[in-house]
Number of protein chains: 2
Amino acid sequence: VFDMRVLVVGVGLIGASLALALKRSVPNLHITGMDADAAHLEQARARGAVDVALGVTAADFAATAGGAFDVIVLATPVKQIPVSLGAIVGMLSDTTLVIDVGSTKQDVMRAAAETLASKADQFVPCHPIAGRERHGPMAADADLFAGKNVVLCAEKSQSTFAARAAALWEKTGAKVIHMGAADHDAVFAAVSHLPHLLAFALVDELAARPNAKTLFQHAASGFRDFTRVASSSPTMWRDIALNNRDAVLAELDAYTARVSLLRDAIARSDSAAVAALMQRAQSAREQWLLGQLDQFNNEVA
Amino acid sequence: VFDMRVLVVGVGLIGASLALALKRSVPNLHITGMDADAAHLEQARARGAVDVALGVTAADFAATAGGAFDVIVLATPVKQIPVSLGAIVGMLSDTTLVIDVGSTKQDVMRAAAETLASKADQFVPCHPIAGRERHGPMAADADLFAGKNVVLCAEKSQSTFAARAAALWEKTGAKVIHMGAADHDAVFAAVSHLPHLLAFALVDELAARPNAKTLFQHAASGFRDFTRVASSSPTMWRDIALNNRDAVLAELDAYTARVSLLRDAIARSDSAAVAALMQRAQSAREQWLLGQLDQFNNEVA
């Protein structure tokens, strides 16, 4: 008899890391891992992240029938979350907490409302702000979430389920932050999705040039850091861009307008305007690095 | 009696680092440092980068009269190079080598042609691809150039002077690369100046928002790396943007067009086009990191 039974659907970097973190801090825990990728499943089991490994055949689903999971974690790629919700809806008791770990939140809330129907309020959308360039269970780390933020968008969730989700994340060492899903998607479109898209675009632009080899020969540490996020998973970021389309388009347009201001100032050799923009940016970044965030505007409380 | 006498005009990070590197590898070397900043001069002397420290008064210039420097290094901010050229033109013998260390090269070549006149072919424009976020002689490091590239744009220089400049840089552990000044300015507009401008623009855009505090609270490691170059000196980068204006504007326009392609693909939910761009970018960056540059086009030999 276990005190807590968890099903982790998708045992990649995030799913397996969460499993390892919970294994370390929750006594008498049983974790079932489910994944379409047999190699990932075997790696997750070998690393001790899961006690039972299931594929996605009818027989595997049958094996979960009497599961009575306390918690179901959806850690598949964002695009597969609607399918995953359909797969687990039959496993839910009235007390089963469902969380996800995706980078966009309004889309999964819509999918949960549709698929989980009357049980949608047992779903707590979560976004751990933690990632690595490496993927898969071999890259998993029980400390991945320690000291990191996890955003919970629990406005449609029962408060007891939201509290259970928050407690679960706190066991991993993460700091829980509550935010509305629309705010979440707008904020991360700006500080995360936008830089990713801009970095992908820069590398693609230069790689397409006739003199690409010469360009990359002379690219140095500034270019390396600027484009680091362009080494992220194209599949994952395609899905984020499309799932958070409206916010992402608004960010691209606002950014392009700002670049256009800078371009025009350079074109007319407006030294003061160019310097002022750079000075504002440099100061803002220093304040951010120093944690002096009270220097900034904040209409959104 | 010294084997080599060097004047370093501007004892900031680059000037003082070059002085320290030469001190370590050139026996019987005498270095005079000249700077308008008395604190920097004193620091450069305290660190052993210079043997004699001069300001920029008439008396200081008089002290250089009999100098007969073998090498004059112009390491002031790029904007002051024309003034520095005017200040040193009277110190040149027929064998004095003059180099600079600026990030743009066509502009200093024009200034040298004008100011040094018949001695302009003793000037070898140089660009060490090395920098730090910290500035000034206290950040100087004899190893700053070790293993780094230094681009020489010597198409208007006497070949013996170009060879001496190359030998000087090789003493610092740097790798010398020859390139035409126009090619240099175009290449670095793409791989260096453009990312700097884009990073400054992103930080400024977000800092100007009403919800800036919330945005910066949620900015994480991807944002940190993408914007690292926005912590660079606004004065230096203003000058680079304006001095390399035409190439920088061309880069901003090409980049904006690429971002526009990505934006349109997202707007029409063209999953294949979004994924294809990201996949190309990710692959190109991996090839670059692995040093597999033969994968890229290269019309420019």
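Two strands count as paired if DSSP finds at least two bridges between them, and strands (E, at least two residues) and helices (H or I, at least four) are DSSP runs numbered from the N terminus. By that rule, strand 1 (residues 4–9) and strand 2 (residues 29–34) of chain A pair in the parallel sense over six bridges. This is a predicted model, in which local features need pLDDT of at least 70 and side-chain atom pairs count only at pLDDT 80 or more, while totals for chains, interfaces and linings use all residues. Residues are numbered from 1 along each chain as its sequence is written, chains are lettered from A and ligands numbered from 1 in the order written, and side-chain values use heavy atoms, without hydrogens and water.

**Sheet of chain A**
- Six strands form an open sheet in the order 3-2-1-4-5-6, with parallel pairing.
- Strand 3 (52–54) and strand 6 (123–124) of chain A are the edge strands, each pairing on one side only.
- A:Leu7 stands opposite A:Thr32 in strand 2 of chain A.

**Interface of chains A and B**
- Contact (heavy atoms within 4.5 Å) joins 91 residues of chain B to 91 residues of chain A.
- There are 14 salt bridges between the chains, a salt bridge being a side-chain nitrogen of Lys or Arg within 4 Å of a carboxyl oxygen of Asp or Glu.
- One salt bridge links the side chains of B:Arg228 and A:Asp225 (2.4 Å, N to O).
- Helix 7 of chain B gives the largest share of the side of chain B that touches chain A, 17 residues.
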